Amino acid sequence: MARANRQGIRAGAVVVAAAAAVAGTVWGVATLVGPGQGTGQQPAHENVSRRTGSPDDGAKNDGAKNGGAPQSRIPDGIAHASESGGNAVNITIDDGPDPQWTPKVLDVLKKYDVKATFCMIGPQAKAHPDLVKRVVAAGHRLCDHTMDHNTAMDKKPVAYQEQQILEAKKMIEDAAGGGAEVEYYRAPGGAFTPDSRRIAAANGMRPLGWNVDTKDFGKPGVAAIVNAVKSEMGNGPTVLFHDGGGNRSQTVAALDQVLDWLKDQGRPTGFPVRTAPDGS
C-alpha cells in the first residue's frame with residue numbers, strides 16, 4: 001500500500017488511465033463479492049476497526065498541499081466515532097441499493113426510529129434512483145462505495161481510484177436529486193490508500209471505517225450475525241451490515257434483533273463523525 005501521497009493528478013493522465021481502468025474492469029455489481037473476496041476472511045486493509053494511536057484516526061486533510069482540490073474542512077482520517085458521542089452506535093449499510101432488500105432494511109430502521117448511513121455502489125444507485133431518494137427522504141445519509149466494489153483498489157493507480165470514487169459520487173448524487181450530499185467514502189473491503197482518502201476528503205466525503213464486522217455478507221445465520229455485534233461492540237461504535245450483493249434475508253432479521261437489543265441496552269444510534277477528528 002502506498003505510504004505517501006503522490007504530488008497530484010494530471011488531467012490528461014486521469015482521462016487516459018481512467019479510460020483504461022474502466023475498459024479493463026472485471027468487477028460488476030452482478031458479481032459483487034464481500035470483504036474477503038468470497039472466502040469469509042477479512043483482508044488486511046487499512047481501515048477495519050480502530051486501533052489506538054492509528055495514524056489514520058483524526059488525520060487532517062491537506063488537499064492543496066498534496067495536489068488535490070483546495071483544502072477542505074473534511075479530515076482525511078478514517079472515521080469510526082459517532083457524532084452523538086457517548087455510547088452511541090453507528091449503523092452502516094453497504095453494497096446497495098437493492099430493490100428487494102433495501103426496502104426491507106428501511107422498514108426495520110423505521111420500526112426502531114434509527115438513522116443509518118448507506119454506502120452505495122454507483123451503478124446500483126443509478127439503476128434504482130427511487131430507492132436512493134427514499135433513503136434520503138427517511139433522513140439517512142449517503143456514502144460513496146465506488147463504481148465496481150474492487151477490493152484491490154489499494155493496488156491500483158491513483159487515476160483509477162479517483163475515477164472509481166468520483167464517478168460513483170456523481171451517480172449517487174444524480175440519483176438522489178434535490179441537492180442531496182454524499183457525505184462519506186468507504187473503500188471496498190477497507191482498501192483505503194492515502195490518495196483515496198485525500199481524494200474523498202477534498203471532495204467533501206469523510207473516509208469511513210467500521211469497528212464491528214457482522215460477517216453478514218457470508219450468510220452465517222441470523223444468530224451468528226447478532227452474536228458478532230454483541231461480542232465485538234467493545235471494538236467501537238460503527239457496525240457493518242449489507243443490503244446488496246445477494247440474499248440479505250439474514251441481515252434483515254439480524255438487524256431487527258440487533259436494534260431491539262440496542263434499545264434494551266439504552267444505547268442510542270447516530271451518524272459517524274465528519275468534520276471532527278475521530279476520538280473513538
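Trainee: What makes the largest nonpolar core a core, and which residues have the most contacts inside it?

Mentor: A nonpolar core is a set of buried Ala, Val, Leu, Ile, Met, Phe, Trp, Tyr and Cys residues joined through side-chain atoms within 4.5 Å. Buried means under 20% relative accessible area, exposed means over 50%, and partly exposed lies in between (1.4 Å probe, protein chains only). The largest such core here has 48 residues, and those with the most contacts inside it are I91, L109, F118, L142, F241 and L259. Helix α8 gives the most to this core, with seven residues. Apart from it lies another core of five residues, among them C119, C143, Y184 and L208.

Trainee: Thanks! Before we go on, how should I read the model and its numbering?

Mentor: This is a predicted model, where local features need pLDDT of at least 70 and side-chain atom pairs count only at pLDDT 80 or more, while totals for chains, interfaces and linings use all residues. Residues are numbered from 1 along each chain as its sequence is written, and side-chain values use heavy atoms, leaving out hydrogens and water.

Trainee: Which elements cover helix α6, and how many of its residues are buried?

Mentor: Helices (H or I, at least four residues) and strands (E, at least two) are DSSP runs, numbered from the N terminus. Nine of the nine residues of α6 (194-202) are buried, including R197 and R198. Its cover includes α5 (158-176), β4 (182-185) and β5 (206-207). After α6 comes G204, with a positive phi near 85°.

Trainee: How do you know that the buried residues of α7 line one face?

Mentor: In α7 (residues 222-232), the buried ones are I225, V226, A228, V229 and E232. Seen down the axis, they fall within an arc of 155°, so they line one face of the helix; the arc is that of the directions from the helix axis to the C-beta atoms. An α-helix has 3.6 residues a turn, so residues three or four places apart point the same way. Their cover includes β6 (212-213), β7 (238-242) and α8 (249-265).

Trainee: What makes the pairing of H242 and D216 a polar contact?

Mentor: A polar contact is a pair of N or O atoms within 3.5 Å; within protein, one must be able to donate a hydrogen and the other to accept it, and residues adjacent in sequence count only if both atoms are side-chain atoms. The side chains of H242 and D216 make one at 2.8 Å. H242 is found in strand β7 and is buried, at 2% relative accessibility.

Trainee: Is K215 buried, partly exposed or exposed?

Mentor: K215 has a relative accessible area of 38%, so it is partly exposed. This residue lies in the loop between β6 and α7, and its phi is positive, about 60°, although it is not a glycine.

How values were computed:
Contact = heavy atoms within 4.5 Å.
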